[in-house]
Amino acid sequence: MAQLQPAVVRSGGASSAGLPEVFAMVLAQMTAGADIDISGPEFNFVRSIRVYNVTYATQVEAGSEGDCNRNFSLRIGTYGTQGDFRWSRGSSPSQLPEDHLGLERYGEHCPGIFHRSVFVDWRDYEGNYGFEQVNY
């Protein structure tokens with residue numbers, strides 16, 4: 001098990017200072033979910049957050065007969081009623097949101113593809129859609 005590392009605060013200068021150890025304990029305790037009741041509809045924006053982790057998507061032509069080797073791995077993260085986070089396995093690129101970029105030609109004859117990304121989308125408290133994608 002990894003050791004907890006103290007959080008660091010930078011206040012505009014080059015130096016940094018560690019936060020008190022108690023603060024790190026509070027942050028660690030928050031990972032299990034909210035410490036207040038967030039089950040009401042006014043907190044639906046928390047439950048709307050989805051995290052799509054494409055750990056790998058590859059497609060390459062192989063062999064003398066032009067076979068196409070495809071490999072795909074996706075995890076989808078969701079938040080529960082009280083803010084608890086969990087991962088589930090995805091099975092195909094079709095489970096990615098329409099705004100995700102990088103796998104548009106996956107499944108076509110066999111263009112070479114190597115893709116890894118994290119895509120997060122959500123609806124804010126007014127119902128507006130937002131997303132971010134980081135390729136790595």
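Mentor: Let's take the fold, then the rings, then the charges.

Trainee: What should I know before I start?
Mentor: This is a predicted model, so local features need pLDDT of at least 70, side-chain atom pairs count only at pLDDT 80 or more, and totals for chains, interfaces and linings use all residues. Residues are numbered from 1 along each chain as its sequence is written, and side-chain values use heavy atoms, with hydrogens and water left out.

Trainee: OK. How many helices and strands does the chain have?
Mentor: Two helices and seven strands. Both are DSSP runs, numbered from the N terminus: helices are H or I with at least four residues, strands are E with at least two. Along the sequence the pattern reads β-β-α-α-β-β-β-β-β.

Trainee: What share of the residues is buried?
Mentor: Of the 136 residues in the chain, 25% are buried. Buried means under 20% relative accessible area, exposed means over 50%, and partly exposed is in between (1.4 Å probe, protein chains only).

Trainee: And the contacts?
Mentor: Take contacts between residues at least 6 apart in sequence: 48% of them join residues at least 24 apart. A contact means heavy atoms within 4.5 Å.

Trainee: Now β4 and β5. How many bridges join them?
Mentor: Six, between β4 (residues 67-79) and β5 (residues 85-90), and the strands run antiparallel. Strands pair if DSSP finds at least two bridges between them. Thr 78 stands opposite Arg 86 in β5.

Trainee: What sits between the two strands?
Mentor: Five residues, and the whole unit is a hairpin. Gly 83 in the turn has a positive phi of about 85°.

Trainee: Switching to rings. How many aromatic pairs does the count come to?
Mentor: Seven. Rings of Phe, Tyr and Trp (its six-membered ring) pair if their centres lie within 6.5 Å; planes under 30 degrees apart count as stacked, over 60 as edge-to-face and the rest as tilted. One of the pairs is Phe 85 with Trp 87, edge-to-face, at 5.2 Å centre to centre and 90° between the planes.

Trainee: What sits over the Trp 87 ring?
Mentor: The charged end of Arg 75, 4.0 Å from the ring centre. The rule asks for NZ of Lys or CZ of Arg within 6 Å of the ring centre and within 35 degrees of the ring normal.

Trainee: Which rings form one aromatic cluster?
Mentor: Tyr 52, Phe 119, Tyr 129 and Phe 131. Within that group, Phe 119 and Phe 131 are stacked, 5.4 Å centre to centre with 15° between the planes. Phe 119 is in strand β6 (residues 113-123) and Phe 131 in strand β7 (residues 129-135), 12 residues apart. Phe 119 is buried at 0% relative accessible area, whereas Phe 131 is partly exposed at 35%.

Trainee: Last topic. How many salt bridges does the count come to?
Mentor: Two. The rule is a side-chain nitrogen of Lys or Arg within 4 Å of a carboxyl oxygen of Asp or Glu. Asp 84 meets Arg 86 at 3.0 Å, N to O. Glu 108 meets Arg 105, with the closest N and O atoms 3.3 Å apart.
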